[in-house]
Amino acid sequence: MAEQKPTAPLNGAYYGPPIPPYATPRRRRHSCCSGLLSSLLKLIVTIVIVLGIAALVIWIIFRPNKIKVYVEDATLTQFNLTNSNNNMLLYNLSLNVSVRNPNKKIGIYYDYIESVAIYDDSRFGFQILPTFYQGHKNTSMLSPVFASQNILLGDAPATYAREKTEGFYNIEVKFYTSVRLKAGIFKTHHIKPKFDCNVRLPAPSASSLKTTPFQRIKCDVDY
């Protein structure tokens with residue numbers, strides 16, 4: 001019987017079972033970024049919660065009370081329309097305003113104080129007042145002085161004529177402030193309370209007559 005020689009592969013080709021294609025591994029950039037954002041978001045939420053709890057604890061411990069503001073005295077020595085057609089006003093107004101901090105454990109930094117005088121919805125006076133620090137259970141005085149020789153009053157001649165006849169002028173004085181509260185080592189961010197004071201003052205022409213003493217006036221405080 002003749003010996004059979006092994007057959008060589010044809011042209012070096014492979015004729016076995018098919019080989020599955022090589023799978024390229026996917027990159028996980030999406031997964032990494034989303035994980036980082038999730039961690040960052042959790043950190044921010046945690047910080048906000050901690051700060052909120054700290055603020056609540058401080059408020060419970062110190063319990064801040066509202067600032068109390070009063071007009072102690074006001075003087076109007078000049079308030080005249082020089083020309084009814086142009087509504088030009090000559091005025092001189094001064095006030096002494098007390099600001100009371102009733103809190104036992106909270107001090108107040110007054111970083112900005114702006115005073116504005118208004119007559120019949122028209123602003124006629126403006127003054128920036130000095131800043132200061134007010135300790136707890138303390139009263140400070142604000143003393144704005146509004147004076148001018150020539151300012152446009154606005155559409156108020158009818159009101160002016162009526163109140164001049166009555167012998168009293170109704171004037172509104174507003175204070176716009178920017179303050180920070182201090183409790184121990186903690187200080188708050190700026191808050192902006194507003195004081196609104198309405199005074200009824202005798203006309204300067206009648207100031208020489210005997211009048212009743214100025215009555216202390218409480219101002220509205222709005223946060």
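Guide: A helix here is a DSSP run of H or I with at least four residues, numbered from the N terminus. The model is predicted.

Visitor: Why is Glu-163 called buried?
Guide: Buried means under 20% relative accessible area. Glu-163 has 4%, so Glu-163 is buried.

Visitor: Which residues of helix 2 are buried?
Guide: In residues 157–166, they are Thr-159, Tyr-160 and Glu-163. Their directions from the helix axis fall within an arc of 100°, so these residues line one face of helix 2. Ala-158 and Thr-165, on the other side, are exposed.

Visitor: What makes the contact of Arg-162 and Glu-163 a salt bridge?
Guide: The cut-off is 4 Å between a side-chain nitrogen of Lys or Arg and a carboxyl oxygen of Asp or Glu. The N to O distance here is 3.9 Å, so the pair counts as a salt bridge. Salt bridges that share partners join Arg-162, Glu-163 and Glu-166 into one network.

Visitor: What do the side chains of Arg-216 and Glu-72 meet in?
Guide: They meet in a salt bridge, at 3.0 Å from N to O. Arg-216 lies in the loop between strand 10 and strand 11, and Glu-72 in strand 1, so the pair ties together parts 144 residues apart in sequence.

Methods: Residues are numbered from 1 along each chain as its sequence is written. This is a predicted model: local features need pLDDT of at least 70, side-chain atom pairs count only at pLDDT 80 or more; totals for chains, interfaces and linings use all residues. Side-chain values use heavy atoms; hydrogens and water are left out. Buried means under 20% relative accessible area, exposed over 50%, partly exposed in between (1.4 Å probe, protein chains only). Helices (H or I, at least four residues) and strands (E, at least two) are DSSP runs, numbered from the N terminus. The arc is that of the directions from the helix axis to the C-beta atoms.
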